[in-house]
Amino acid sequence: AAKDLASKTHFTVLELQWLYYQFYEISNSIAQDGVIDEEEFREALGLRNKELSRRIFFVFDENHDGVISFEEFVKYLSVLSPKAELDAKLHFSFQMFDMDGDGFIDKAELQKMLEASLREHEDLNLTPEDVAEIIESTFKKVDENDDGKISLAEYSDLVHHQPSMLDYLSVNIIPEAGEEEYEQVMEHIKQLESPRREDPKPKKSSRKK
């Protein structure tokens, strides 16, 4: 399974083992259920703003069942890898902005995301007028057919002309470590999981009352 995941992502088998440890810690931080819910996700990211966290969570939760599995966790962390292709990051960011999933970004959606980002980064002192100006200038530049919404194709044109605008989606997730360090992590995981394995279900009595 690890080799299969490695072939589909930008991570090696050893790096996936390290990521499993991170996933295990996050998924059991509030509810010990082996999946990451929205609250655990927000706390792991350290985000104050729920709307921003919710949008990132929405993209990670590919099947929209309300939780993130390990496969989903790894797939979208791979998109954030510096090794990931620009188009993968492009689709990731477009999904964050396209809140209703209709395949377009409208002005209201852009405003919500800008306001969520501002609440997360309190050092950015922009007035409502500044935000409105940013939205209008963005649509004037990107909305080529003037239909009041930005399509994926229009967004793609913008990104390919200014790829640096997605630099924030390139994150060095995996720390530099040797094989010995990764093996220590896996040994720690085994120790964490062992109580569960050693806790057999009580056998039902076969005696009739």
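How many of the 10 residues of helix H5 are buried? The structure is a predicted model, in which local features need pLDDT of at least 70 and side-chain atom pairs count only at pLDDT 80 or more, while totals for chains, interfaces and linings use all residues. Residues are numbered from 1 along each chain as its sequence is written, and side-chain values use heavy atoms, with hydrogens and water left out.

In H5, 8 of the 10 residues are buried, so the helix is largely enclosed by the rest of the structure. Buried means under 20% relative accessible area, exposed means over 50%, and partly exposed lies in between (1.4 Å probe, protein chains only). Helices are DSSP runs of H or I with at least four residues, numbered from the N terminus. The buried residues of H5 are Phe 70, Glu 72, Phe 73, Val 74, Tyr 76, Leu 77, Ser 78 and Val 79. Their cover includes H1, H2, H4 and H6, where contact means heavy atoms within 4.5 Å.

The largest nonpolar core has 46 residues, and those touching the most other members are Leu 19, Phe 60, Phe 73, Phe 92 and Tyr 155. Such a core is a set of buried Ala, Val, Leu, Ile, Met, Phe, Trp, Tyr and Cys residues joined through side-chain atoms within 4.5 Å. Two or more residues each are given to this core by helices H1 (2–8), H2 (13–27), H4 (50–60), H5 (70–79), H6 (86–97), H7, H8 and H9 (152–161). H5 supplies the largest share, 6 residues. In soluble globular proteins, nonpolar side chains tend to be buried together.

Aromatic pairs number 10 in the structure. Rings of Phe, Tyr and Trp (its six-membered ring) pair if their centres lie within 6.5 Å; planes under 30 degrees apart count as stacked, over 60 as edge-to-face and the rest as tilted. Phe 60 and Phe 92 form an edge-to-face pair, with 6.1 Å from centre to centre and 85 degrees between the planes. Because Phe 60 lies in helix H4 and Phe 92 in helix H6, this pair ties together parts that are 32 residues apart in sequence. Phe 60 is buried at a relative accessible area of 3%, and Phe 92 is also buried, at 3%. The ring centres of Tyr 76 and Phe 92 are 6.2 Å apart and the planes stand at 45 degrees, so this pair is tilted. Tyr 76 lies in helix H5 and Phe 92 in helix H6, so parts 16 residues apart in sequence are tied together. Not counting residues up to four places away in sequence, Phe 92 touches Ile 56, Val 59, Phe 60, Tyr 76, Val 79, Leu 80 and Leu 169. One aromatic cluster is formed by Tyr 20, Phe 23, Tyr 24, Phe 70 and Phe 73.

Ser 53, in helix H4, is buried with a relative accessible area of 0%. Apart from neighbours within four places in sequence, Ser 53 is in contact with Phe 41, Arg 42 and Leu 47. Ser 117, in helix H7, is partly exposed at 26% relative accessible area. The C-alpha atoms of Ser 117 and Glu 51 are separated by 9.0 Å, although these residues are 66 residues apart along the chain.

Leu 124 is found in the loop between helix H7 (107–120) and helix H8 (128–142). Leu 124 counts as partly exposed, at 45% relative accessibility.
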